[in-house]
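Hi,

Here is the structure I said I'd pass on.

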Amino acid sequence: MKKNLLIGFCFAILMVVNTDSLSTTVSLPVVMVNYEDLPPNWDEGLAPGVNWGLAAAYPDDVGITQNPYVLAAEGFETGSVTIPTEEDRYLLNTTVVSSISYTGSYSGEHRWPEGYNGPTTRFVIPESAHQGSQPTYFVRMCMNFDDSFHPGADNLEAGVGIKGFGIVSEPFGGGLNTPCDGTNWYDAQVQFVGWGPSSKPEANDGYLWVGHLYSYNPYPEEAVAKVGSVHVTAPAVGDRPYRFSAYAEPFQYLDFGGWHCYEIGMYLNTPGNYDGEARFWIDGVLQSRVTKIRYRDVESLLPTDMHLNLHRTTENFPQTMVRWTDNIVLATRYIGPVQK
Ligand SMILES: [Ca+2]
């Protein structure tokens with residue numbers, strides 16, 4: 001990137017030198033240089049269209065754990081859950097099924113009957129993941145939401161919400177009612193929400209379903225969306241906000257019954273500076289990119305876990321809601337969608 005800027009400057013200088021008359025209007029090509037002073041690897045995943053990542057070298061994710069940037073993966077192809085989580089929660093709360101899958105023969109099935117929220121499950125990030133002064137972390141999960149996530153024809157105005165997954169720093173325990181202060185906790189996560197009624201063609205029988213990024217951090221009002229938009233959330237405690245939601249513009253509305261690969265990236269700031277980012281992709285297409293995030297003020301406040309969430313926020317529906325998950329990959333570089 002720096003070379004590009006240098007070339008841009010040199011070209012601009014040449015243009016000026018070669019201009020005989022100062023009265024001639026010169027368009028300096030340097031303004032065409034789309035230069036961002038990003039750390040190494042931060043420019044991956046930013047192109048328009050589908051961004052292929054490290055997964056492109058591993059069709060169907062086979063052998064992907066051999067990639068040096070991959071921390072763990074789960075495709076359920078042993079017929080069981082092998083990815084390690086605290087208290088074996090993901091293992092104990094997942095049913096491996098062969099009736100549906102994204103790749104291979106198996107996927108993980110999760111069911112939410114009426115009155116059941118479901119747990120958060122945590123993969124503990126190893127020390128080896130924290131590389132460099134501004135480390136990066138990625139979680140990709142492919143999911144299929146059954147049409148049981150539709151609230152019902154007579155209930156189209158009901159909101160449905162379910163947590164997705166993300167990267168979290170909570171060395172002292174989490175707590176949505178604990179304002180982030182740069183020394184205690186932060187996260188970047190994905191959640192799924194629905195609303196209706198809608199006559200949009202992308203609606204599922206009148207009901208819209210989306211996935212979007214959100215982040216708890218100390219300075220949400222300073223965050224800047226470079227792709228999509230950012231919306232500061234009113235604080236649950238105190239009068240200083242510590243959360244934002246980020247939305248794609250326009251939203252990519254999701255189809256019940258369709259498989260999609262969702263990925264979130266956390267790019268850590270240097271302590272005390274507004275130079276962190278959070279990004280969200282669907283099937284490799286960048287939906288949201290939020291910059292100028294100040295997650296932490298102390299170097300030691302590193303991400304502790306990656307959440308593979310099984311937590312539904314809305315539980316007052318009579319039908320059992322069902323979601324299938326496959327092709328989970330946790331890494332320290334952009335992963336990208338499954339190369340099928
Ligand atoms: Ca599979």
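**What I found**

Seven strands make up an open sheet with antiparallel pairing, in the order β4-β15-β6-β7-β8-β11-β10. (Strands here are DSSP runs of E, at least two residues long, numbered from the N terminus; two strands pair if DSSP finds at least two bridges between them.) At the edges sit β4 (120-124) and β10 (229-232), each of which pairs on one side only. From one strand to the next, the twist averages 25 degrees, with axes being lines fitted to C-alpha atoms and angles running from 0 to 180 degrees between N-to-C directions.

Before you go further: this is a predicted model, where local features need pLDDT of at least 70 and side-chain atom pairs count only at pLDDT 80 or more, while totals for chains, interfaces and linings use all residues. Residues are numbered from 1 along each chain as its sequence is written.

Inside the sheet, β6 (residues 160-169) and β7 (residues 186-195) run antiparallel and are joined by nine bridges. Gly166 stands opposite Gln189 in β7.

Now the core. The largest nonpolar core has 72 residues, and the ones touching the most other members are Val139, Ile167, Leu213, Ile264, Val329 and Ala331. Strand β5 (residues 136-145) gives the most to this core, with seven residues. By nonpolar core I mean a set of buried Ala, Val, Leu, Ile, Met, Phe, Trp, Tyr and Cys residues joined through C-beta atoms within 7 Å. Buried means 20 or more other C-beta atoms within 10 Å of a residue's own, exposed means 12 or fewer, and partly exposed is in between, with C-beta atoms placed from the backbone.

Leaving out residues up to four places away in sequence, Ile167 touches Tyr137, Val139, Asp187, Ala188, Ile264, Met266, Pro303 and Met306; contact means C-beta atoms, placed from the backbone, within 7 Å.

Most residues other than glycine have a negative phi, and most peptide bonds are trans.

- Gly196 and Pro197 are joined by a cis peptide bond, omega about -5 degrees; Pro197 is in the loop between β7 and β8 (208-216).
- Glu249 to Pro250 is also cis, with omega near 0 degrees, and Pro250 lies in the loop between β11 (243-247) and β12 (259-267).
- Asp205, not a glycine, has a positive phi of about 45 degrees. Its loop is the one between β7 and β8.
- Lys292, in strand β14 (residues 285-293), has a positive phi near 60 degrees.

Cheers

Note on methods: Helices (H or I, at least four residues) and strands (E, at least two) are DSSP runs, numbered from the N terminus. Two residues are in contact if their C-beta atoms, placed from the backbone, lie within 7 Å.
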